Amino acid sequence: MALSASVVTGLQRLLGPGGVVLTPEGRLTYESDMLTLYKGLPDIVVLPTSTAEVQTVVRICRAARVPVVPRGSGTGLIGGATAPLGGVMVSLTRMTQILELDLVNRCATVQPGLINLWLTNAVRERGWFFAPDPSSQMVSSIGGNVATNAGGPHCLKYGITTNHVLGLEIVTGTGEVVSVGGKAADRPGYDLTGTMVGNEGTFGLVTAITVRLLHLPEAVKTALASFASLVEASEAVSAIIAAGIIPAALEMLDDAMIGAINAAVGKVYPDGAGAVLLIELDGPLAEVEAQAERVAAICRERNALMVTVARDEAERALLWKGRKEAAGAVGRITAAYLLQDAVVPRSKLPQIMREMVAISKRHNLLFANVFHAGDGNLHPLICYDDRKPGELERAQQANEELLHACIALGGSVSGEHGIGMDKAKNLPLQYADADLNFMFRLRRVFDPDGLMNPTKLLPSHPACGEGFRPSRPTLPAGTWV
Amino acid sequence: MAVTAAALGDALRAIVGAEHRREGGAPVDGVVPRWTAAPAGIEQAAALVALAHEERLAVVPRGSGAALELGHPPARVDLVLEMRGLDAVLEHSPADLTVSVQAGCTAGVLAAHLAGHRQTLPLDPPGWTARSLGGIAATQASGPLRQRYGTMRDLLLGVRFAQADGVLTWGGAKVVKSVSGYDVPKLMVGALGTLGVLLELTLRLHPAPDYEATWLAGFRTPAHAQECVAALLDSTVQTNRLEILDGRVLAACSLPVTAVALAVSIGTVEPAVRAQEGLVRAIVQRAQGTVQTMGASFWKTYDRALAGFDGVVLRIGSVPARLVETLGAVQALLPGAAVAGAAGLGALRALVTHADATALRAPLERLRATVAEVGGGVIIERGPRALRERIDPWGPVPPPALAVMRAIKTEFDPRAVLNPGRFVGGL
């Protein structure tokens, strides 16, 4: 889609030469997010610095019927910040201010481009932190976290992004600036804040976010338990939760991942184990100590090969180092991979692990696992060689089979990455036509013209189009109809 | 298509059977309904809503009836959906810490079911044991445990509801972590049944703490209490309740009266409770308060005092750093009112006796103006109809946000059959 000259001039006039990227090589940076299977070059990239500028951008686009695609740091994994229909990409990387820190009321208001970790860095010395911690937190933006309702290892205890968002300012698809929620409790009306988190830019562009901050815990204890197999480690996970312990994080890595990490960053995890559990407990010191003993005992009862507890911060950092470097380390075992993000009820982990092994064998593909076991959120890296013909297709087939298996066990298609272009087609696995239609209509309220991040989140499906009528209850045959 | 009353009565009977449909019924906010029907299953409920939609009947779902005085008085009440029969615990998966229930199930029945598994749904609005979970969701009602666990919005994972035209619809997931599509459960929480009739809820559970202890800290002034709240929030103490009680609420609980008190509870393993007790005591003493250990029955007494209050209840949404101003404003504007609530979140309740519309209008406006300085508001959570006819029970909603809410309501209930007129802005 070529932009009209008047749109280009309007945007240039609004943002100046420094606020607009027009050259093909400049725009190339913006053609995909971290999921490079989906590419789409925007016709122009704009970099506004204020809510008012964002609003004007949306109004210009709306008047010209041009798609608007928001983008934070571009670290998404779903084909969300990409412009398959062209149009205007709005990069929010110049809106990075902390607008207000209000520690007595345990909250902060920030601009969407602020990097997740920068917020914690700004308050950590005073004893506070921002809980959502996607693995990308060193580079991902809070606006992006809000768009995808991002999770992270510590969401097991603390909840995902939406549980920490108190208020939003958004420029909707109609070009209105709407402020919802805020630091005060219990506002009247629909919970628009909660409704908007996770909208992936399809309702509009978030321009300010008020988030809850939490006090740092008194103590943190990290333990590592190794097991002969993924299934045994999964059974230990279920036993820990069943014992009434919700660790801050409960991460699992399989042998393929352990090997890759040890090769990349030195021997941090025991060789020869089929799986390791990384267990982090935080909270009051006495609670953490009591729970750590209990968790260690449960792991031993469940045939752990070895259980070690980090004795100090350096050891703790080492245990986490492997986990945090996982995505990079995987380059040692594969040229390319697909990353699945489906969820199963956590009691079904042993079962899905058995199915995963079967799928991996059936397709003769290596699966490397590093995932949030505590909440049943899988993250297998399905490894393939993109130079070998047909291998990507096989990996995609294996990926779909695994996803179907998760849904069959009562799970969800995405735990924390979101839907984007990648999983839109999978939503009908989880939702009936009426459910999809409800979501479509909700989207239309915010974006009646269908210009806000089109092709993302909802599938191309009759229930997500105009004129669809879900089947209604059959009324008894009677006198009135 | 409009039909005769007799034909409509026959149609209702055909859906639920003669014994579950009657003309009239218990009044809702002073209005006697034309019909009351008690669906025996979600399909029946959906068919009732579909019929109401067809005939443009105003549908009012009714759970325990505890919150019928929330919102604008209903303009019309044609069909009350009696939800008490939809009370099943559908599926409890202890290993997943999730449960699915029908909307008419009470929090008390669920708590009894969960107790044997040492699990809990930590939602405790006043009178919670008798309240239906669908009602708690529709009214976003909360109690002291929100300090640690949040409110229904944080615990509702999935929801099945009948849309205005009766289409059964599901939103969310049955697992504890999911970002698949829009967060429809959040839209339904606190919507007062104006976007759909809630039928089934899937909820996140928490392990019941091994051990719990409660302390009551008395203070000479609200400023001392606020200092204590600030110090507790800025510490590693992990409270699960942190309530502020003024002298009148203390008296209603038959407790020794101080100007103001904080009720603090901690629930975890016993050694950690003991260790944190020392921190709590030190913080209270620094704020010149006195500490008294309370028995487990304290929270029942407190709940009874709030639930049993006979008068107007205001839900005040403020922030924890403004307790002094908020308490002061209530005392100055509504002499005789009692105040209690979640101090750590600034979510308070004011209990006002003998308030009629004339006496309450100006003070409420001023109170709303005071909390509006931090973006907060005051909702009339309970009060006589005559009062809510003359004073907006919700208070102002900023016009841009209200416009979005109106657009959502119009999209999903264009014929205005779901609890019409009772929500913000008359939605």
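Reply: Gladly! Helices (H or I, at least four residues) and strands (E, at least two) are DSSP runs, numbered from the N terminus. By that count, chain A has 16 helices and 18 strands, and chain B has 15 helices and 19 strands. This is a predicted model, where local features need pLDDT of at least 70 and side-chain atom pairs count only at pLDDT 80 or more, while totals for chains, interfaces and linings use all residues. Residues are numbered from 1 along each chain as its sequence is written, and chains are lettered from A and ligands numbered from 1 in the order in which they are written.

Me: What makes chain B as compact as a globular protein of its length?

Reply: The radius of gyration is taken over C-alpha atoms, and the globule rule is 2.2 Å times the number of residues to the power 0.38. For the 427 residues of chain B the rule gives 22 Å, and the chain has a radius of gyration of 22 Å, so it is as compact as a globular protein of that length. Its C-alpha trace spans about 70 × 55 × 40 Å along the principal axes.

Me: How does the radius of gyration of chain A compare with that of a compact globule?

Reply: The two agree: with 481 residues a compact globule would have a value near 23 Å, and chain A has 23 Å. Along its principal axes, the C-alpha trace of chain A spans about 65 × 60 × 60 Å.

Me: Why is G182(A) called buried?

Reply: A residue is buried if 20 or more other C-beta atoms lie within 10 Å of its own, exposed if 12 or fewer, and partly exposed in between, with C-beta atoms placed from the backbone. G182(A) has 21 such atoms within 10 Å, so it is buried. You will find G182(A) in the loop between β9 and α7 of chain A. Across the whole chain, buried residues make up 58% of the 481 residues in chain A; for the 427 residues of chain B the figure is 61%.

Me: Which residues does G182(A) touch?

Reply: Two residues are in contact if their C-beta atoms, placed from the backbone, lie within 7 Å. Leaving out residues up to four places away in sequence, G182(A) touches L166(A), G167(A), T210(A) and G375(B). As for the chains themselves, 85 residues of chain A are in contact with 89 residues of chain B. On the side of chain A that touches chain B, the largest share, 7 residues, comes from α16(A).

Me: What makes α8(A) oblique to α10(A)?

Reply: Axes are lines fitted to C-alpha atoms, for helices over the stretch in contact, and angles run from 0 to 180 degrees between N-to-C directions. Helix α8 (residues 230-242) and helix α10 (residues 285-301) of chain A pack at about 140 degrees, with axes 9 Å apart. Therefore α8(A) counts as oblique to α10(A): angles under 35 degrees are roughly parallel, over 145 roughly antiparallel, 65 to 115 roughly perpendicular and the rest oblique. The contact is made by A236(A), A239(A) and I240(A) of α8(A) with V295(A), I298(A) and C299(A) of α10(A).

Me: Which residues touch the most other members of the largest nonpolar core?

Reply: A nonpolar core is a set of buried Ala, Val, Leu, Ile, Met, Phe, Trp, Tyr and Cys residues joined through C-beta atoms within 7 Å. Of the 298 residues in the largest one, L277(A), V59(B) and L262(B) touch the most other members. Helix α2 (residues 42-55) of chain B gives the largest share of this core, 8 residues.
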